[in-house]
Amino acid sequence: MLEVSLLDERQPALSVEFNCASGELLALVGPSGAGKSTVLRCIAGLHKPERGHIRINQSDWFNSDDKINRIPQQRRVGFVFQNYALFPHLTVAENIKLAQSNTQEDKLTASLLSKVRLTGLEKRYPHQLSGGQQQRVAIARALARNPDVLLLDEPFSAVDKVTRRKLYLELNSLRHDLAMPIVLVTHDLDEAAMLADTMVVIYRGKTLQQGTPSQLLHQPDTVSVAKLVDVRNLFKGKVVKEGKELQLHWENKQLTLSDRIDYHQQTVNWTISPSKVILHQRVRPSRGEQENPVSGQIVELMTLRGITTVLLSVNDAKNVIIQMDVSEHVAIRNDLKKGDAITVSLIADSIHLMPS
Amino acid sequence: MDWQALEISLKLALLTCASLLPIGLLLSYILSRTQFIGRGLCEAIITLPLVLPPTVLGFFLLVSLDQDSFIGGAFVSLTGENLAFSFTGLWLASIIYSLPFAVQPMLRSFEQIAPELREMAWCSGLSKWKTFFKIELPLAWPGIITAMVLTFSHTLGEFGVVLMIGGNIAGETRTLSIAIYDSVLAFEHEQAQMMSLTLLAIALVTISIVYTFNRRQRHLMRL
């Protein structure tokens with residue numbers, strides 16, 4: 001288990017707290033300059049924060065109270081830098097061997113190379129490799145020291161999109177064989193959601209929320225987190241108690257809220273994930289009563305990789321747009337076109353409230 | 001051909017290289033890796049011999065190596081010998097006037113090494129010394145070779161400072177460039193031509209080495 005708690009009032013300011021269990025992949029997400037890489041540098045011992053602690057498996061790497069600050073050489077960190085930082089004058093095998101504690105261990109080098117599918121390229125120099133191959137060498141070198149923690153600093157940013165998708169799959173299959181905590185820094189939310197078990201949102205050096213990708217993307221704690229994770233349907237409303245039922249008053253509409261919600265604040269921000277907005281079938285409309293129906297007109301349709309995003313201008317509301325993601329075949333089957341009038345349901349269980 | 005002058009020139013150039021290798025490495029490494037107040041002034045002082053007229057530099061060096069000066073006086077009291085107009089004085093002067101030729105290429109080489117490489121080496125478990133010898137030194141090597149070649153050829157060809165500090169004492173301070181000047185004054189053009197061609201050949205070979213190593217460095221740093 002990696003436990004991190006850092007506080008620094010100097011520039012770059014830090015107020016960071018998170019835990020990462022062994023075998024878990026934690027993604028630190030946030031905009032550029034949020035302090036993500038500084039956190040990794042602190043864990044590696046390349047940057048010393050003012051206060052706090054960095055603990056790995058109960059052993060202190062940094063503890064300001066006890067004045068413990070181990071140097072990078074004593075920390076057993078596997079670090080993959082953004083540009084990989086391969087030693088340009090050394091071959092692939094030499095790059096890996098350099099990080100091994102026992103440099104004579106040729107078998108380990110060979111097994112690491114086969115793990116990252118680079119067998120046969122041992123004698124190549126870094127400039128003779130493609131971007132994807134360079135990243136694999138960097139990962140093999142990071143693992144060569146048998147590290148207590150693996151740190152990945154934007155490892156996919158230096159490769160093209162096609163290679164990136166291949167490398168996602170490779171990292172995903174490789175990580176299941178690794179027993180140490182893995183911390184991935186990225187500003188790409190899709191990348192983090194795809195690879196991570198846990199996400200931590202960091203902004204201006206401060207951690208705002210830690211949770212599963214689903215929690216963070218669909219149930220952000222605050223509006224700031226919602227904006228940082230690019231929540232697309234973000235509105236303001238008022239919570240009103242009608243008898244035993246809680247209702248959300250929004251743009252002259254009353255939406256029923258889930259009975260699991262226990263909200264005391266009146267004015268709230270609320271969100272619903274575009275993938276959880278339900279389209280009322282136009283071909284075979286159901287006869288029953290629909291939950292929280294909202295009608296409007298399609299103002300835009302965009303399709304990417306089988307998902308059609310529909311922008312719906314809500315009736316009787318000024319400039320209010322709801323985004324809805326449906327499978328491309330659903331959009332085709334329902335013959336959705338720009339200008340069509342449709343009705344959707346905002347399911348009570350999918351409505352997430354945040355403090356105003 | 002004044003073989004004695006050639007011997008003194010080569011001896012002086014080699015000794016200056018041997019002295020400037022550790023001095024240059026130390027100064028360039030400190031300058032490339034640390035930030036301190038007065039760094040600009042420090043770099044300016046090191047570069048000064050490059051822009052000063054050799055006679056001006058020679059004059060200041062002569063004054064400071066004279067037996068009445070602090071350095072010259074201390075040397076006399078320690079060894080009983082004069083620094084001015086001696087081979088040792090010439091050697092000291094060579095170290096100073098060739099300093100920028102040694103420091104600048106080494107400094108540029110160290111500065112070109114990405115800081116991440118050093119940090120990566122530390123994270124790979126290499127101590128600071130091992131990082132220097134296994135990562136930084138091999139990467140800076142072409143710059144170090146350039147520095148040594150430039151120092152060697154510049155010391156070999158220096159005239160003004162050598163004349164001011166060393167004078168023209170055969171077997172002691174008379175270098176090949178001084179001997180060429182003497183030959184021309186004595187209308188011994190054949191001898192002057194021979195010696196000039198020797199210096200030309202040495203300069204050509206050394207500069208070719210510099211270009212070859214620089215190309216190798218660019219090739220390596222392509223990453």
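This is a predicted model: local features need pLDDT of at least 70, side-chain atom pairs count only at pLDDT 80 or more; totals for chains, interfaces and linings use all residues.
Just after α7(B) comes Gly125(B), whose phi is positive, at about 95°.

Let me stay with chain B for a moment. Chain B contains eleven helices and zero strands, and its C-alpha atoms fill a box of roughly 65 × 40 × 30 Å along the principal axes. Of the 223 residues in chain B, 38% are buried, and if we take the contacts in chain B between residues at least 6 apart in sequence, 74% of them join residues at least 24 apart.

One helix pair in this chain deserves a description of its own. Helix α1 of chain B, residues 3-33, packs against α8(B) at an angle of about 145°, with the two axes 9 Å apart, and the crossing of α1(B) past α8(B) is right-handed. On the α1(B) side the residues that meet α8(B) include Leu12(B), Ala13(B), Leu20(B) and Gly24(B), while on the α8(B) side the residues met include Ala147(B), Met148(B), Phe152(B) and Leu156(B).

As background, nonpolar side chains in soluble globular proteins tend to be buried together. Here the largest nonpolar core has 140 residues, and those touching the most other members are Ala27(A), Ile43(A), Ala140(A), Leu151(A), Val183(A) and Ile165(B). Helix α8 of chain B, residues 128-157, gives the most to this core, with eleven residues.

I would like to follow one of those residues, Val183(A), into its surroundings. Which residues is Val183(A) in contact with, leaving aside its neighbours within four places in sequence? They are Cys20(A), Leu26(A), Leu28(A), Leu40(A), Ile43(A), Val149(A) and Leu151(A).

The strand that carries Val183(A) is β9(A), and here the counting of neighbours matters, since a residue is called buried if 20 or more other C-beta atoms lie within 10 Å of its own. Five of the five residues of β9(A), residues 182-186, are buried, so this strand is largely enclosed by the rest of the structure. In a regular strand the side chains alternate between the two faces of the sheet. In β9(A), Ile182(A), Leu184(A) and Thr186(A) lie on one side and Val183(A) and Val185(A) on the other, and both faces are covered.

What does β9(A) pair with? Strand β3 of chain A, residues 25-29, pairs with β9(A) in the parallel sense over five bridges, and in that pairing Leu26(A) stands opposite Val183(A). Strand β8 of chain A, residues 149-153, likewise pairs with β9(A) in the parallel sense, over four bridges, with Asp153(A) opposite Val185(A). Between β8(A) and β9(A) the chain passes through helix α5 of chain A, residues 161-175, and this β-α-β crossover is right-handed.

Chain A also has an open sheet of five strands, in the order β16-β20-β17-β18-β19, with antiparallel pairing. At its edges stand β16 (277-279) and β19 (321-327) of chain A, each with a single partner strand, so one side of each is left without a neighbour in the sheet. From one strand to the next the twist averages 45°. Within this sheet, strand β18 of chain A, residues 307-314, is joined to β19(A) by seven antiparallel bridges, and Thr309(A) stands opposite Asp325(A).

I will finish with some backbone details of chain A. Asp316(A), in the loop between β18 and β19 of chain A, has a positive phi of about 60° although it is not a glycine. Is Asp316(A) buried or exposed? With 11 C-beta neighbours inside 10 Å, Asp316(A) counts as exposed. Asp230(A) also has a positive phi of about 60° without being a glycine, and Asp230(A) lies in the loop between α8 (223-228) and β12 (234-242) of chain A. Asp230(A) is exposed, with 10 other C-beta atoms within 10 Å. Lastly, the peptide bond from Gln11(A) to Pro12(A) is cis, with omega near -5°, and Pro12(A) sits in the loop between β1 (2-8) and β2 (14-20) of chain A.

Notes: Residues are numbered from 1 along each chain as its sequence is written. Chains are lettered from A and ligands numbered from 1 in the order in which they are written. Helices (H or I, at least four residues) and strands (E, at least two) are DSSP runs, numbered from the N terminus. A residue is buried if 20 or more other C-beta atoms lie within 10 Å of its own, exposed if 12 or fewer, and partly exposed in between; C-beta atoms are placed from the backbone. Two residues are in contact if their C-beta atoms, placed from the backbone, lie within 7 Å. A nonpolar core is a set of buried Ala, Val, Leu, Ile, Met, Phe, Trp, Tyr and Cys residues joined through C-beta atoms within 7 Å. Two strands pair if DSSP finds at least two bridges between them. A crossover is right-handed if, with the strands pointing away from the viewer, the path from the first strand over the helix to the second runs clockwise. Axes are lines fitted to C-alpha atoms, for helices over the stretch in contact, and angles run from 0 to 180 degrees between N-to-C directions. A crossing is left-handed if the near helix is turned anticlockwise from the far one by less than a right angle, and right-handed if clockwise.
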